[in-house]
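I opened this notebook to record what I looked up in one structure. The entries follow the order in which I consulted it.

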Amino acid sequence: MVSYQEFENNIWEEGMSSAAIRSLVRDIRKHLPPETIINVARLGYKLKLYK
């Protein structure tokens, strides 16, 4: 689980809007298997790892 705040602090050097975070995650999802990144309402994102 990665919170929105952790994502912003570790990916972006300066503050980024929630719309920018959603856009970046949408672009990343295009390159991953379906349902690899799962939204957790009001908390952040969760990665589903495949074996």
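The entries below concern the sheet, a helix, an aromatic pair and one lysine.

Entry 1. I noted that the model is predicted.

Entry 2. I looked up the sheet and found an open one of three strands, in the order β1-β3-β2, with antiparallel pairing. I recorded that β1 (2-3) and β2 (37-40) stand at the edges with a single partner strand each, so one side of each has no neighbour in the sheet. I then examined β1 and β3, which pair in the antiparallel sense over two bridges. Val-2 has Tyr-45 in β3 as its bridge partner.

Entry 3. I turned to helix α2 (residues 18-29), which lies across β2 and β3 and runs at about 150 degrees to β2.

Entry 4. I searched for aromatic pairs, and the count came to one. Tyr-4 and Tyr-45 form this pair, which is edge-to-face, with 5.4 Å centre to centre and 85 degrees between the planes. The pair links distant parts of the chain, since Tyr-4 is in helix α1 (residues 4-11) and Tyr-45 is in strand β3, 41 residues apart. Tyr-4 counts as partly exposed at 30%.

Entry 5. I located Lys-48 in the segment after β3 (44-47). Lys-48 is partly exposed, with a relative accessible area of 38%. Leaving aside residues up to four places away in sequence, I found that Lys-48 touches Glu-35, Thr-36 and Ile-38. Lys-48 and Glu-35 are 13 residues apart in sequence, and their C-alpha atoms are 7.3 Å apart in space.

Key. Residues numbered from 1 in each chain as written. Predicted model: local features only at pLDDT ≥ 70, side-chain atom pairs only at ≥ 80, totals over all residues. Heavy atoms only, no water. Helix = DSSP H or I, 4+ residues; strand = E, 2+ residues; numbered from the N terminus. Buried < 20%, exposed > 50% of the residue type's maximum accessible area, 1.4 Å probe, protein only. Contact = heavy atoms within 4.5 Å. Phe/Tyr/Trp six-rings, centres within 6.5 Å; stacked < 30°, edge-to-face > 60°. Pairing = 2+ DSSP bridges. Axes fitted to C-alpha atoms, helices over the stretch in contact; angles between N-to-C directions.
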